[in-house]
Amino acid sequence: MPGERNQDAGERLLPNGAAIIAAENCPALLTPAEARHFAALLRSEAARMRGENIVAARKQSLTEAVLGEVSGLEHAKDQSGTKHLYAHAHEIRGLAGMAGLSTAGRIANDLCQYLDALPADITLPDPMTVELHVRAIGRAARAPWEAEDVGTAVAETLNRLVARNLTQTRSAVEPVHDAPPEAAKPDAP
Amino acid sequence: MTKAHFDDLKALVVDDNAHMRELLHALLNVLGIREVVEAADGEAGYAALAQYQPDFILTDLAMQPVDGIEFTRRVRLSPDTPNPFVPIIMVSGHTERNRVEAARDAGVTEMLAKPITTQSLFARIAEIVEHPRAFVRCDSYFGPDRRRRHGDSHSGPWLRFDDSAPDVVTI
């Protein structure tokens, strides 16, 4: 089994037969002094600024990638099934924030969560809910200056729509409980 | 083997999105990590792990044909794994509880939610460098100790010698 090479190096057996290999007995990346030095660099303002410059320099290409995914999403909503729809929304939620399109990313995340929350036996999501999310994502990605003003309100409205839609969907698929047997009912007056 | 200088560290980035791979690669370069290898899914990632022996891994979750969870499981449990102890940071838009738990139970070291920020990425790398985790080995799991906190917060089951039930006050 992996890790057995450390079997005699400070392992502590547990009552359930498992073993704990203490951190100091696991292979270390760096010497303790170098680890402290590197961690300090990682947490420094200078590193953060350099990293943000890297992200900023790629903003245009990230935006183009998001817009490509938005086009894919708009095409996918008219296809059967949710696989492609979910895949494009998932990519948008991953990339949009770094492209400065956080509202598009937030609504794409909401769409993913809606698709995730659908009961397993529901193969098709509500078309209107999908349509409104896709339109909102497209608008927020293509006109981010508008999204700053109205994006939060749109996202919250869509959240309420999703909540209502899921409640209706779940109540529609829940099994109907049998009526209690006649003998169990109280006597009629 | 322990490295004397952090710019000798090697990293592996596994993500099916080329933009994300390229961005993570560039962010690691900014830190002085010069050797960064990229792979587009878990299958290619596992091959790269064997070939390049990276010191840590950043991996996406949702990939085809081998996703990040299966990739992590292979790294931790495969009989031919090149390094079952390698720290794995999972970078994912999937923040649902069941997926996070699946990633943890596969043996992921740290989770990082997309969209990432420079600060959050660097903080996770600092965590694996500065606070290496103990490892646990049992029949069904090999990976970092999944208990983050030790002390009064654990409510059972009592599996360890130093586990203790909270005092029961009888009135």
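Tutor: Start inside chain B. This is a predicted model. Of the contacts in chain B with a separation of 6 or more, 59% join residues 24 or more positions apart. Chain B has 171 residues, and 52% of them are buried. Its secondary structure comprises 5 helices and 7 strands. Along the sequence the order is β-α-β-α-β-α-β-α-β-α-β-β.

Now the meeting of the chains. On one side, 54 residues of chain A take part; they are in contact with 57 residues of chain B. The area buried between chain A and chain B is about 4,900 Å². Carbon and sulfur atoms carry 66% of that area. Why quote an area at all? Interface size is often given as the accessible area lost when the parts come together.

Chain A and chain B share 3 salt bridges. A:Arg58 makes a salt bridge with B:Glu22. The closest N and O atoms of that pair are 2.9 Å apart.

Helix 1 of chain A gives the most, with 8 residues.

Turn to the nonpolar packing. The largest nonpolar core has 70 residues. Those with the most contacts inside this core are A:Phe38, A:Val66, A:Ile137, B:Leu28, B:Leu58 and B:Ile125. Within chain A, the core draws at least three residues from each of domain 1 (20-57) and domain 2 (59-173). A second, separate core has 20 residues, including B:Leu12, B:Val37, B:Ile88 and B:Ala106.

Leaving out residues up to four places away in sequence, B:Leu58 touches B:Leu12, B:Val13, B:Val14, B:Leu24, B:Leu28, B:Ile89, B:Val91 and B:Leu121. One of these, B:Leu12, is in the second core.

A:Asn165 sits in helix 7 (residues 144-173) of chain A. Its relative accessible area is 9%, under the 20% cut-off, so A:Asn165 counts as buried. A:Asn165 touches A:Tyr114, A:Asp126 and A:Thr129, again leaving out residues up to four places away in sequence.

Notes: Residues numbered from 1 in each chain as written. Chains lettered and ligands numbered in written order. Predicted model: local features only at pLDDT ≥ 70, side-chain atom pairs only at ≥ 80, totals over all residues. Heavy atoms only, no water. Core = buried A, V, L, I, M, F, W, Y, C linked by side-chain atoms within 4.5 Å. Buried < 20%, exposed > 50% of the residue type's maximum accessible area, 1.4 Å probe, protein only. Domains from an automatic or database assignment. Contact = heavy atoms within 4.5 Å. Buried area = accessible area lost by both parts, 1.4 Å probe. Salt bridge = Lys/Arg side-chain N within 4 Å of Asp/Glu carboxyl O. Helix = DSSP H or I, 4+ residues; strand = E, 2+ residues; numbered from the N terminus.
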